[in-house]
Amino acid sequence: MKQNIFSKKNQLDEMQEQTLRKIESRGFWLMWGGLLAAMVIQLLTGNADKAIGEWVVFMAGCVYTGAECIRNGLWDRHLSSSMGANAVYSLLAAVAVTVLCGLTYGYWMGAAFTGVSTGLLCFALLQFCAYLVKKNRKKLDDEPEEK
């Protein structure tokens, strides 16, 4: 007898579906934060060369999430995509990279250069992504409703 353990029919009601999505979201962010913490600790302890597996998984999750949010015209539930907000986010990234590189390598001039470069690149990427999100959101909002 052949049993189908996977069904395309949703087995959950709306409340269960919402609860499951919340659990999946928290699990993703727990994994994301854990991988980031593991990579930072490995960098600070001098074992960054052993973190390639974590880096690949971390970047795959980041790229997938970013690409799907842009494709669906979504930015964030709480954060703004304005130029000022993106500047603040980029400044935070620049400071974090500067401190992390300074503590790891002890060469603060190089760490400052790396931090400034990271901040500028981060700002440019955030602005580009915000433009794409707004463009896709407008396109999705303008589509006629299905009959």
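Is Trp29 buried, exposed or partly exposed, and what is its relative accessible area? Select Trp29 to begin: the residue is partly exposed, with a relative accessible area of 48%. Keep in mind throughout that this is a predicted model.

**Stop 1: the aromatic rings**

The structure holds 3 aromatic pairs. In one of them, the ring centres of Phe28 and Trp29 lie 5.0 Å apart with the planes at 80°, so this pair is edge-to-face. The cut-off for that label is an angle over 60 degrees. Phe28 counts as partly exposed, at 22% relative accessibility.

Next, select Trp32 and Phe58. These two residues also form an aromatic pair, with 5.2 Å from centre to centre and 35° between the planes, and the pair is tilted. Trp32 belongs to helix H1 (residues 14-44) and Phe58 to helix H2 (residues 52-71), so the pair ties together parts that are 26 residues apart in sequence.

Trp32, at 27% relative accessibility, counts as partly exposed.

Now show Phe28, Trp29, Trp32 and Phe58 together. Ring pairs link these four residues into a cluster.

**Stop 2: helix H3**

Move on to residues 83-105, which make up helix H3. H3 has 23 residues. From its first C-alpha to its last, H3 reaches 32 Å, close to the 33 Å expected at 1.5 Å a residue.

Colour the buried residues of H3: Ala85, Asn86, Ser90, Ala94, Thr98, Cys101 and Gly102. An α-helix has 3.6 residues a turn, so residues three or four places apart point the same way. Bear that in mind while looking along the helix. What do the buried residues of H3 pack against? Show residues 108-142 as well: this is helix H4, and the buried residues of H3 pack against it.

**Stop 3: Asn86**

Select Asn86, which is in helix H3. Asn86 is buried, with a relative accessible area of 0%. Which residues does Asn86 touch, not counting those up to four places away in sequence? With that exclusion, the contacts of Asn86 are Trp75, Ser80, Ser81, Phe123, Leu126, Gln127 and Ala130. Show their side chains to see what surrounds Asn86.

**Stop 4: after H3**

Finally, select Gly106. This residue follows H3, and its phi is positive, near 75°.

Key. Residues are numbered from 1 along each chain as its sequence is written. This is a predicted model: local features need pLDDT of at least 70, side-chain atom pairs count only at pLDDT 80 or more; totals for chains, interfaces and linings use all residues. Side-chain values use heavy atoms; hydrogens and water are left out. Helices (H or I, at least four residues) and strands (E, at least two) are DSSP runs, numbered from the N terminus. Buried means under 20% relative accessible area, exposed over 50%, partly exposed in between (1.4 Å probe, protein chains only). Contact means heavy atoms within 4.5 Å. Rings of Phe, Tyr and Trp (its six-membered ring) pair if their centres lie within 6.5 Å; planes under 30 degrees apart count as stacked, over 60 as edge-to-face and the rest as tilted. The expected span of a helix is 1.5 Å times one less than its number of residues.
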